[in-house]
Amino acid sequence: MNGKMSIVKKIIVYTILLLFSAAFLLPFVYMVSIALSSDATANQAAYTIFPHEFEWNNFVRIFQESNVPVWLKNSLILTVTNTVLTLISSSMVAYGFARFRAKGKNIIFMVLLSTMMIPSQVTLIPQFMIFKKLGWINTMLPLIIPNMFGSPFYIFMLRQFIMRLPISLDEAAKIDGMSYWGIYTKIILPLIKPAMAAVAIFAIMGNWNWFFEPMIYLNQTEKYPLSIGVQILSAVGHAGQLPLWNLMMAASMILVIPMILLFFLGQKQMFELDINVGSESIK
């Protein structure tokens with residue numbers, strides 16, 4: 001009897017989960033249907049939820065008839081550069097907080113974490129004035145240079161992960177004459193690869209979808225990333241006409257699909273990091 005009840009519960013749970021999944025998946029299916037529609041269908045707005053046209057040429061046209069190649073290149077530059085800089089700087093600072101002994105270290109760490117409580121809108125104007133004085137407006141520098149100093153959130157996550165590693169590994173390496181840099185590069189980094197992979201996934205997703213700061217600091221269309229370029233496509237049509245939503249949705253798919261693939265490929269690392277950081281925080 002208990003076995004039958006368990007099966008019934010599983011069927012109910014899975015049915016509910018499937019219904020919720022279908023509800024969340026439906027907008028993406030609708031986007032695919034619009035992206036594959038013809039220009040005539042786009043002009044008439046005669047879209048269907050499930051695609052009945054398959055105009056794959058829309059993905060070729062979006063590269064030929066717009067600035068999508070330039071925007072895509074800018075997004076790749078921002079994403080790759082900022083992810084590498086964030087990984088290097090955040091891991092080094094996290095290693096210092098996790099292993100070095102210094103007076104006031106915990107106070108400094110609390111101050112670092114407290115910066116996450118400050119809304120970005122509060123510091124936006126002062127940052128803009130600083131970058132303007134430096135002559136960095138309308139360049140990639142305001143979007144790249146701050147990543148050289150780490151991210152409080154990523155520093156916290158990596159510190160928690162490093163603190164789970166036995167301190168005896170460091171002590172044995174010191175006895176063998178290894179420097180702090182050697183311990184960091186040859187012992188710590190190889191052991192925190194899962195955490196580094198998770199941080200890289202978060203950083204890639206954040207930089208790939210970055211919208212607000214690039215809109216503030218960049219003024220020329222050819223310098224925008226793809227996240228802003230898609231918005232431009234939705235507001236600009238051909239010869240004063242309404243925008244072709246099929247091409248706009250094709251560009252949106254170029255923006256969305258890499259993140260979907262990244263999530264499915266890296267969800268294991270993200271969940272493992274959440275569990276490890278959470279258990280260490282409880283301790």
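The lining of the largest cavity comprises 2 nonpolar, 4 polar and 1 charged residues, where Ala, Val, Leu, Ile, Met, Phe, Trp, Tyr, Cys and Pro count as nonpolar, Asp, Glu, Lys and Arg as charged, and the others, Gly among them, as polar. The residues concerned are Ser33, Ile34, Ser37, Tyr47, Thr48, His52 and Glu53, and the volume that they line is about 40 Å³. A search of the whole structure finds 1 cavity of 30 Å³ or more. On a 1 Å grid over the protein atoms alone, a cavity is a set of points where a 1.4 Å probe fits but cannot get out, whereas a pocket is an open set with protein on both sides within 12 Å along at least five of seven lines; lining residues have an atom within 4 Å of a point. Grid points are joined across faces, edges and corners, and a volume is the space filled by probe spheres set on the points. The structure is a predicted model, in which local features need pLDDT of at least 70 and side-chain atom pairs count only at pLDDT 80 or more, while totals for chains, interfaces and linings use all residues. Residues are numbered from 1 along each chain as its sequence is written, and side-chain values use heavy atoms, with hydrogens and water left out.

The largest pocket has a volume of about 1200 Å³ and is lined by 31 residues, of which Gln127, Pro146, Gly150, Ser151 and Pro152 lie nearest its centre. By class, this lining divides into 20 nonpolar, 10 polar and 1 charged residues. At least two lining residues are supplied by each of helix H6 (120-134), helix H7 (141-144), helix H8 (152-163), helix H11 (193-208) and helix H12 (212-217), with the largest share, 5 residues, coming from H6. Helices (H or I, at least four residues) and strands (E, at least two) are DSSP runs, numbered from the N terminus.

Across the whole structure, 12 aromatic pairs are found, a pair being rings of Phe, Tyr and Trp (its six-membered ring) whose centres lie within 6.5 Å, with planes under 30 degrees apart counted as stacked, over 60 as edge-to-face and the rest as tilted. The rings of Phe131 and Tyr217 are edge-to-face, because their planes stand at 80° with the centres 5.4 Å apart. This pair links distant parts of the chain, Phe131 lying in helix H6 and Tyr217 in helix H12, 86 residues apart. Phe131 is buried at a relative accessible area of 10%, as is Tyr217 at 1%; buried means under 20% relative accessible area, exposed over 50%, and partly exposed in between (1.4 Å probe, protein chains only). Trp181 and Tyr184 form a tilted pair, 5.4 Å centre to centre and with 45° between the planes. These two residues are 3 residues apart in helix H10 (residues 180-191), and are therefore separated by about one helical turn. Trp181 is exposed, with a relative accessible area of 55%, whereas Tyr184 counts as buried at 5%. Both residues belong to one aromatic cluster formed by Tyr95, Phe100, Tyr180, Trp181 and Tyr184. Elsewhere, the charged end of Arg159 sits over the ring of Phe109, 4.2 Å from its centre, the criterion being NZ of Lys or CZ of Arg within 6 Å of the ring centre and within 35 degrees of the ring normal.

The largest nonpolar core contains 38 residues, among which Ile62, Val68, Leu143, Leu226 and Leu233 touch the most other members. Two or more residues of this core are given by each of helix H1 (2-35), helix H4 (68-99), H6, H7, H11, helix H13 (226-235) and H14, and H14 provides the largest share, 10 residues. Such a core is a set of buried Ala, Val, Leu, Ile, Met, Phe, Trp, Tyr and Cys residues joined through side-chain atoms within 4.5 Å.

Gly266 is found in helix H14 (residues 245-282) and is buried, with a relative accessible area of 2%. In the loop between H6 and H7, Asn138 has a phi near 70°, a positive value in a residue other than glycine. Asn138 is buried, with a relative accessible area of 14%.
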